[in-house]
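Subject: A structure for you to look at

Hi,

Here is the structure I said I would pass on.

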Amino acid sequence: MGIRSGMMYAAGVASIGLSFASWLTSQSLENAGTDRADRWGIFIGQWAPTFFAVGIALRIEETHTDSRAMSGEMFEGTYAEGRVPSRAGV
């Protein structure tokens, strides 16, 4: 799909900054109090671990795909020989 692991890591770092910015903005511009500002900050702050986890999964897939290409074991050759490739460890 064209999404690389570095993009997900950058999105995770950006969401941390956006979490702080939304907390600060909500606290200073809204009259709802600190509770609402905290909720906004926590809501957006929960995105970061998801982005980092997807980034790690993409990094594993990128390195796994690269190692298969270097060793000559691509899926097409494996299927042609009648073997089903193992996805263990991914």
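On the face of H2 that is turned away from the helix's buried side sit the exposed residues Asp35, Arg39 and Ile42. Exposed here means over 50% relative accessible area, buried means under 20%, and partly exposed is in between (1.4 Å probe, protein chains only). The buried residues in H2 are Ala37, Gly41 and Ile44. Seen down the axis of H2, its buried residues fall within an arc of 75 degrees, so they line one face of the helix; the arc is that of the directions from the helix axis to the C-beta atoms. As background, an α-helix has 3.6 residues a turn, so residues three or four places apart point the same way.

Before the rest, some ground rules. This is a predicted model, where local features need pLDDT of at least 70 and side-chain atom pairs count only at pLDDT 80 or more, while totals for chains, interfaces and linings use all residues. Residues are numbered from 1 along each chain as its sequence is written, and side-chain values use heavy atoms, with hydrogens and water left out.

The protein chain has four helices and zero strands. Helices (H or I, at least four residues) and strands (E, at least two) are DSSP runs, numbered from the N terminus. The mean pLDDT (the predictor's confidence in each residue, from 0 to 100) is 78 for the chain, with 70% of its residues at 70 or more. Confidence is highest in H1, at a mean of 87, and lowest in helix H4 (residues 75-80), at 55. So which parts touch which? Contact means heavy atoms within 4.5 Å, and 59% of the chain's contacts with a separation of 6 or more are between residues 24 or more positions apart.

- Serine 22 is in helix H1 (residues 5-29) and counts as buried, because its relative accessibility is 14%. Leaving aside neighbours within four places in sequence, serine 22 is in contact with Trp40, Gly41 and Ile44; Gly41 and Ile44 are among the buried residues of H2.
- Serine 26, also placed in H1, is buried at 6% relative accessibility. With neighbours within four places set aside, serine 26 is in contact with Arg36, Ala37 and Trp40.
- Serine 5 is in H1 and is buried at 2% relative accessibility. Not counting residues up to four places away, serine 5 touches Gly55, Leu58, Arg59 and Glu62. Serine 5 and glutamate 62 are 57 residues apart in sequence, yet 8.1 Å apart in space, C-alpha to C-alpha.

Is glutamine 46 buried or exposed? Glutamine 46 is exposed, with a relative accessible area of 52%, and lies in the loop between H2 and helix H3 (47-71). Its C-alpha atom is 9.6 Å from that of glycine 12, which is 34 residues away along the chain.

The chain exposes about 6,500 Å², with carbon and sulfur atoms supplying 65% of that; accessible areas come from the Shrake-Rupley method with a 1.4 Å probe, and for residues only the protein chains shown count as cover.

Cheers
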